[in-house]
Protein chains: 2
Amino acid sequence: METAVVDADAVRTSAPSKDDPANLEALFYPQSIAVLGVTQTPGTVPYDIFYNILASGYQGVIYPVAPGKRSICSVRAYRYITDIDDQVDMAVIVFPASVVDKAVEQCGRKGVKGVIIISAGFREVGPEGVKREQRIKDLCRQYNIHLIGPNCLGLINTDPASRLNASFARKMPAQGRIAFLSQSGALCTAVLDYARGKGIGFSKFVSFGNKAGVTEIELMQYLHRDPQTDVILLYLEELRNGRALIEAARAITRGAGAKPILVIKSGRTPQGAHAAASHTGSLAAEDNICEAVFREAGIIRVPSIEELFNTAIMLTGQPMPKGRRLAIVTNAGGPGVMATDAAVSVGLELARLNEGTTRRLRDSLPATANIKNPVDVIGDARSDRYTAALDAVLADPGVDEVLVILTPQSMTNIEDIARAVVSIRGHCHDKLLSASFMGASDVNVGVDILQAAGIPHYILPEWACRAMANVEQVRRWMSQGNGQDPPLRVDAAAAAALLAACPEGYMREDHALAALQAYGLPVPEFKLCATADEAVAFADRIGYPATLRVVSPEVIHKSEVKGIALNLEGPQAVREAFARIQGNVKAALPQAKIMGMLVRRMIPAGHEVILGAKRDAVFGPTLMFGLGGIFVEIFKDVTFALAPLSSGTASRMLREVRAFQILDGARGQAKADIAGIEQALRRLGQLVHDFPRIAELDVNPLIVGPAQQGNAVADVRIRLAGQDQ
Amino acid sequence: METAVVDADAVRTSAPSKDDPANLEALFYPQSIAVLGVTQTPGTVPYDIFYNILASGYQGVIYPVAPGKRSICSVRAYRYITDIDDQVDMAVIVFPASVVDKAVEQCGRKGVKGVIIISAGFREVGPEGVKREQRIKDLCRQYNIHLIGPNCLGLINTDPASRLNASFARKMPAQGRIAFLSQSGALCTAVLDYARGKGIGFSKFVSFGNKAGVTEIELMQYLHRDPQTDVILLYLEELRNGRALIEAARAITRGAGAKPILVIKSGRTPQGAHAAASHTGSLAAEDNICEAVFREAGIIRVPSIEELFNTAIMLTGQPMPKGRRLAIVTNAGGPGVMATDAAVSVGLELARLNEGTTRRLRDSLPATANIKNPVDVIGDARSDRYTAALDAVLADPGVDEVLVILTPQSMTNIEDIARAVVSIRGHCHDKLLSASFMGASDVNVGVDILQAAGIPHYILPEWACRAMANVEQVRRWMSQGNGQDPPLRVDAAAAAALLAACPEGYMREDHALAALQAYGLPVPEFKLCATADEAVAFADRIGYPATLRVVSPEVIHKSEVKGIALNLEGPQAVREAFARIQGNVKAALPQAKIMGMLVRRMIPAGHEVILGAKRDAVFGPTLMFGLGGIFVEIFKDVTFALAPLSSGTASRMLREVRAFQILDGARGQAKADIAGIEQALRRLGQLVHDFPRIAELDVNPLIVGPAQQGNAVADVRIRLAGQDQ
């Protein structure tokens, strides 16, 4: 809610410089705009767009292009954009989809640098539209045009230096420090209306629609440098390039000039994803992968519009707190309890007030007050008591953030208390102050005072707590180092040679194990033995008990054909098992070609974990981690990440499964070799990253040994795509 | 939001009759009221209360009792209530706590039937206050007075027959069909302000404070019969009598004239419970037990005020849907996706529209519309398209409830669409219709139309979905039979004899097993054998392998003293183990008196489940169920219930743990004897219910056999309280 008058020129010079990776200046700060396809009928998109730019106080020049019309809203109209005898920086196209390509081409010839295509009828309508959209993409590339849309609501820049409402939204929003980017145009209208009702302003507001040209990533990068923007909000229905998003978001959310990114990604449920796919014409990515992408990029995902804005207002114009220790000051016990529940549930800590604070509270509050946190100044409290209590808790070094709760009791002087909260805000420095004046009628007068002063206000204390929990996520992320791991030592050439020799389909087990070995995974010594003699000789060397596993291109599931023998205690047992397995396999699959038996020493029992990798159609190589058996199958206790993995992410993946406690020595068990599992995950991630042919890879199980004694790959399956991948 | 003028006499006669269990008529419909302790200073509670009754349009006569004052607000004042020359039905006491008892006594002598004590300074301030409160309770009992409070905001009845605001709330709320009961007075002020801002009305509104007299249970029973009330809302900080609450709530929430009960119970987290305890001076019950109590009583627990009212408005004046199949009609794809996500996440089903419906939609909507659910009428839809789409989906027999979403796009005629929704409502019959006009500014004109017509409206579709999920819970509960189980056959006399012989502390294992046997739990045959010969003879009879377990009052943890021998394959092994255990125990605990060895046949391995029982200080006997080991310890995968158990609750307890799938034959395993576990739980519940001396009881583990082959108690520990319990 920044409403101060800003010097337009000063802003203009501080606006993003021309050497940005994607210079979107022409879109947000054009000196002149042409609107192509304007009509004379109010209440239609082609008219409204033109009218909105005209009426919003736009600081440049606007030209309607409307074949056959002399003027639109008293402004001289042109037949073609090329007829305009002035430079045109940006064009807004509202022609029907079928002629949009021609309009774009004319824009290109005119030297337009930015184009917004409002019109629908492209990718979202099927194959015909996809072709149309491709044609436009090609033209924009050819003419070096930054394209927003098609199929969007348009763009708004509240900066007084531009004051541009190039959208068919009903009204220009207030100026503020929140930027909003949306894939859904319709949602934008709801968000603008919601924000206006709540007194929330925006810096920039973009509906990017089909994102045929400029993507959310380039917009985020632009907003990162936009001095008008403190926080970036994003509504997404599909994630097209998860990797690029991670890279971009990391650069935005950390380091000097970092800005938080909040996102709503719909299609969380399979049904929702299905609805989104039919709506955007896009491929649905798995939601748990999206979740991982956001987390690794420092993007805060929120479930609803309400939480999106509740969090955003806490991230604009407020100090970033140093921690998550919350003090609550309330005039009502019940809401204090509810706020405590909410705070603890979302992971905040209730601050322990120190002795000095407690003494100050005791001295300045009545005897019936509760001087412990939540501090209850009691129902008949007036502003003086709030001031005293807030002064005391804000001075306590053990307090990072303060929530002021007010219920409108008969003695409550709501306005005075609101003013007291505003004036005390100067004492906050690095503490986050927010308020919940509970109600929706009498309290409004106080709420208005708080909001005008930029103090985050929430009708319910629970909402404040959820917002603080999101701020805490931002804080933790920003305070993490962005350290680079030293590169992993792997024998990529050996793995490449192995893969090159393998056709499409499942790799032979010995080859798969060898590939893992090349990448430094803990593969116990093995040998493919063609004869029983060879098997016995190898077993003698590595020691007993031994195991035999049949190797045959025709055998995918070894146990189904009785192709495995375990616990072989000596040479005789190995010899017998060799023959027995040969017999079993021949009986089950007479046509199977048996290459021999994979001989290995029996791996001692231990916890079993699964390391999985899959090439996602949207995100490329992804990794999965979980404990075997019921943990995966019944508790769905697994985590995901993109490959390759940083050591930090590997560590996070392990610790996020609930069964991690089992590895970590819960129930008096020995601690497992956790560092070894992390290493194995990272090496696996490197392998699937380096070789796009690996479509699927499962180490199931990796048998986990005690700490520092190492783990062992017990079974692996690798499925390769064809050689041309 | 019922605003129709009601015939006062008609209402009066339909009000609860005088022979209610707790006849609270004098509190809600008094013919005359005295306010004791009124002052002349506006802005103080003692004045405001009097003024509010006077100003609210109360239909009876009001008398101020204000010693030393001639009049209050121009109404003649009295020195004592006994001076009033009229019958006084109800008194409101606002005197300081120290003289409240005298005031109550005078009320009693005057024949007052209902008293509201607003004053604080009782149980919540410590031992002195507890005594004061007890004195008042005694007086009320003596004089047969129904007491509300002390330490409360008061009571409001919006019924035109009474129009009573006997509270210090700033304003009388609108009339409506929602009753609200709150333990926190301060929260009431926030709720009233919130409701006024949202246009929500109330039938009755009671702040019951310390509930020294009338409890939430009696109030709920009264409201059950109140023809003005459709739904009962409850804010609780402590549950004092969980058993009585269950009985009462079950009678209210099921059968003819059933009304839903929604509750916010704060103190969900340990920190919140701690804050609540210091606030109410009450004992905190475990939240998971509260959860179980609510569930067994058909009470819907909600986490916040917002969800409380969001649900309540859906339960007043709306048809109860037949199921949970939701159709969404929207003019915006994005919000349609978000609503789908929200609906599926909370357990609703997306309705599959039938062919006829799809055809109707295709015929009446443009080609670009999405005629699958969520039905997208597209951004330029006006009211005619909404009408057509709603007509079609409401006629579909596969649709139980419909959510209308609107985003305010430039062509959207918000008012007309709101009116279309209102007029279509007549077609609903048994279908639940709600709306989400997204925004907070332009959409308000439509929202007002919807709300005035009593159509539940939500700013965000997510809120509508959460409310529908709660309605679905109500529906399911109401449609369940309230069938009585046949009594369990148990040998209570045998168990009583066993317990009578046992002192305080842990029961000897053979006694504990015998007690379980008496109650029909699956205890494998056992015998306490004093000599090795005896042990061998018994083992020979029951068969091998056998187990021996030392029995000694001094030995609590048998394995710590090596007091157990398993897998004894023959007589010789039994003999040796007998001597070995004797030696072990003597070495470890030289003073231990060894009663002998408990001999049993080894129980075959199987899944292990834990059946636990504990006497809760607030709720009495409670039961816990979970699978053993990591399931309980790491996944906290357990459920709770009050003892004794119905068969329905036993079934629910088993099925609510996630590991139930393991018992149910997941991963290709044999199905366990689930009916047997349910029986065991119920019998255990009966045992701890019948014998209050049982403070704690753990069957850990019950080893679970295959379906219909039965389970076996492998170990039990029972801790008894002293004989006087």
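Trainee: How many residues of chain A are in contact with residues of chain B?

Mentor: This is a predicted model. In the model, 72 residues of chain A are in contact with 72 residues of chain B. Contact here means C-beta atoms within 7 Å.

Trainee: Which elements of chain A give two or more residues to the side that touches chain B?

Mentor: Helices do. Among them are helix 3, helix 6 (185-198) and helix 9 (270-280) of chain A. Helix 12 (333-345) of chain A is also on the list. Helix 12 of chain A gives the most, with 10 residues.

Trainee: What classes of residue does that side of chain A have?

Mentor: The side of chain A that touches chain B has 30 nonpolar, 27 polar and 15 charged residues.

Trainee: Now the sheet. How do I read one?

Mentor: Strands of a sheet pair through backbone hydrogen bonds, either parallel or antiparallel. In chain A, five strands form an open sheet, ordered 2-1-5-6-7. Their pairing is parallel.

Trainee: Which are the edge strands?

Mentor: Strand 2 (61-65) and strand 7 (146-148) of chain A. Each pairs on one side only. On average, neighbouring strands of this sheet are turned by 20 degrees against each other, direction ignored.

Trainee: What stands opposite Val115(A)?

Mentor: Leu147(A), in strand 7 of chain A. Strand 6 (residues 114-117) and strand 7 of chain A pair over three bridges, in the parallel sense.

Trainee: Where does helix 3 of chain A lie?

Mentor: Helix 3 (residues 45-55) of chain A lies across strand 1 (32-36), strand 2 and strand 5 (90-93) of chain A. Helix 3 runs at about 160 degrees to strand 1 of chain A. Helix 3 of chain A also gives two or more residues to the side that touches chain B.

Methods
Residues numbered from 1 in each chain as written. Chains lettered and ligands numbered in written order. Predicted model: local features only at pLDDT ≥ 70, side-chain atom pairs only at ≥ 80, totals over all residues. Pairing = 2+ DSSP bridges. Helix = DSSP H or I, 4+ residues; strand = E, 2+ residues; numbered from the N terminus. Axes fitted to C-alpha atoms, helices over the stretch in contact; angles between N-to-C directions. Contact = placed C-beta atoms within 7 Å. Nonpolar A, V, L, I, M, F, W, Y, C, P; charged D, E, K, R; others polar.
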